[in-house]
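Subject: The structure I promised you

Hi,

Here is the structure we talked about, so please open it and keep it beside you while you read. My notes follow below.

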Amino acid sequence: MAILVDESTRVLVQGITGGEGRFHTKRMLEYGTKVVAGVTPGKGGQEVEGVPVFNTVEEAVRKTGANTSAVFVPAAFAAEAVMEAAEAGIGLIVCFTEGIPTFDMIRAKAFLEARSARLIGPNTPGVISPGKSKVGLMAGYIHREGEVGVISRSGTLTYEAVYQMSKLGIGQSTCVGIGGDQITGLDFAGVLELFREDEQTRAVLIIGEIGGTAEEDAASYIREVNYPKPVVAFIAGRTAPPGRRMGHAGAIISGGAGTAQSKIEALKEAGVEVVESPATIGEKISEVLSK
């Protein structure tokens with residue numbers, strides 16, 4: 001079954017006429033994703049890679065039946081693009097933009113909470129259900145269809161983990177990059193809930209990092225619901241100095257909170273198998289699946 005995206009996903013690309021939007025539209029089409037529309041204000045009537053371009057999301061949805069948006073819009077306008085998609089009735093919004101002002105995202109997130117739209121990102125590599133559909137930046141060829149759900153704050157570590165699993169013959173149901181910014185949409189707990197209900201997913205891999213409380217919140221959720229599927233985790237940033245931002249905007253330790261150790265302890269207490277090195281993620285997943 002997979003989660004979030006599958007063969008029925010119909011994608012519109014906001015910012016399709018820009019360099020990033022055009023490039024990744026081509027790659028998504030090559031993977032087999034149904035990209036049915038693009039949106040760039042003032043450029044309606046054009047085509048990009050055979051995909052019709054519209055001036056507004058509302059028009060694109062009305063004329064093509066798009067149900068998912070891929071947002072490749074500059075940071076100054078990205079939050080408005082997210083809200084436009086939600087207002088038009090898009091059910092899943094995947095925002096790739098990095099560096100969106102925090103207050104813009106606070107406003108956009110509040111706007112979405114009053115509607116039925118789900119947000120992935122911002123600053124995400126996207127979502128892929130191997131063999132079905134990808135809405136994002138990831139290299140489709142390293143993925144294979146299977147039974148492990150992946151949730152990650154790090155694009156690079158996601159690719160490493162997926163490559164290890166695929167080499168071992170272990171496929172993925174869906175891989176979700178929740179984004180590395182301070183304000184994001186679906187978090188670990190939210191995606192864990194979706195995987196919990198997915199018949200294809202037998203186990204879940206969490207790739208976390210320092211900063212924030214998303215991993216601790218996931219641990220609390222796992223304990224509360226007595227999560228029925230095995231969960232493996234890796235937490236990056238064990239040696240990061242407090243007070244220094246490491247890579248992602250959300251990866252900062254403040255006031256002694258958000259450390260790798262606090263996350264590891266919380267996950268272990270919830271019964272999660274925590275691996276010490278990213279090099280052993282594939283091995284641990286294989287071990288868990290064989291039990």
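Leaving out residues up to four places away in sequence, Val-150 touches Thr-158, Met-165, Gln-172, Thr-174, Cys-175, Val-176, Phe-195 and Leu-205. Before you go further, keep in mind that this is a predicted model. Val-150 is found in strand β10, and with a relative accessibility of 0% it counts as buried.

β10 belongs to an open sheet of 7 strands with mixed pairing, in the order β9-β8-β11-β10-β12-β13-β14. Its edge strands are β9 (133–136) and β14, each of which pairs on one side only. As a reminder, strands of a sheet pair through backbone hydrogen bonds, either parallel or antiparallel.

You can see both kinds here. β10 (residues 145–152) runs parallel to β11 (residues 172–177), with 5 bridges between them, and Ser-152 stands opposite Gly-177 in β11. β8 and β11, on the other hand, pair in the antiparallel sense over 2 bridges. β8 and β9 are antiparallel too, over 4 bridges. These two strands make a hairpin with 3 residues between them, and Gly-131 in the turn has a positive phi of about 80°.

Have a look at Ile-128 while you are there. In β9 its bridge partner is Lys-134, and in β11 its bridge partner is Cys-175. In strand β8 (residues 126–129), Gly-126 and Ile-128 point one way while Val-127 and Ser-129 point the other way, and all are buried.

From β11, follow the chain into the loop between that strand and α6 (188–196), where you will find Thr-184. Thr-184 is buried, with a relative accessible area of 12%. Apart from its neighbours within four places in sequence, Thr-184 is in contact with Lys-109, Gly-121, Pro-122, Ile-178 and Gly-179.

**A helix with a buried side**

Which residues of helix α8 (residues 260–269) are buried? They are Ala-260, Lys-263, Ile-264, Ala-266 and Leu-267. These residues lie on the same side of α8, because they cover an arc of only 165° around the axis. Among the elements that cover them are β12 (203–209), α7 (214–225), β13 (231–236) and β14 (273–274). Just after α8, Gly-271 takes a positive phi of about 90°.

**The other sheet**

There is also an open sheet of 7 strands in the order β3-β4-β2-β1-β5-β6-β7, again with mixed pairing. β3 (47–48) and β7 (118–120) each have a single partner strand, so one side of each is left without a neighbour in the sheet. β5 and β6 run parallel and are joined by 4 bridges, with Ala-70 standing opposite Val-94 in β6.

**Rings**

How many aromatic pairs does a search of the whole structure find? It finds 2. Phe-72 and Phe-96 form an aromatic pair that is stacked, at 4.4 Å centre to centre with 10° between the planes. This pair links distant parts of the chain: Phe-72 is in the loop between β5 (68–71) and α3 (75–87), Phe-96 is in the loop between β6 (92–95) and α4 (102–113), and they are 24 residues apart. Both Phe-72 and Phe-96 are buried.

One more ring to click on is Phe-111: the charged end of Arg-115 sits over it, 3.6 Å from the ring's centre.

The structure holds 0 disulfides. For the reasoning, the cut-off is that the two sulfur atoms must be within 2.5 Å. Cys-95 is buried, with a relative accessible area of 1%. Cys-175 is in no disulfide either, and it also counts as buried, at 1% relative accessibility.

Cheers

Conventions: Residues numbered from 1 in each chain as written. Predicted model: local features only at pLDDT ≥ 70, side-chain atom pairs only at ≥ 80, totals over all residues. Heavy atoms only, no water. Phe/Tyr/Trp six-rings, centres within 6.5 Å; stacked < 30°, edge-to-face > 60°. Buried < 20%, exposed > 50% of the residue type's maximum accessible area, 1.4 Å probe, protein only. Lys NZ or Arg CZ within 6 Å of the ring centre and 35° of its normal. Arc of directions from axis to C-beta. Contact = heavy atoms within 4.5 Å. Pairing = 2+ DSSP bridges.
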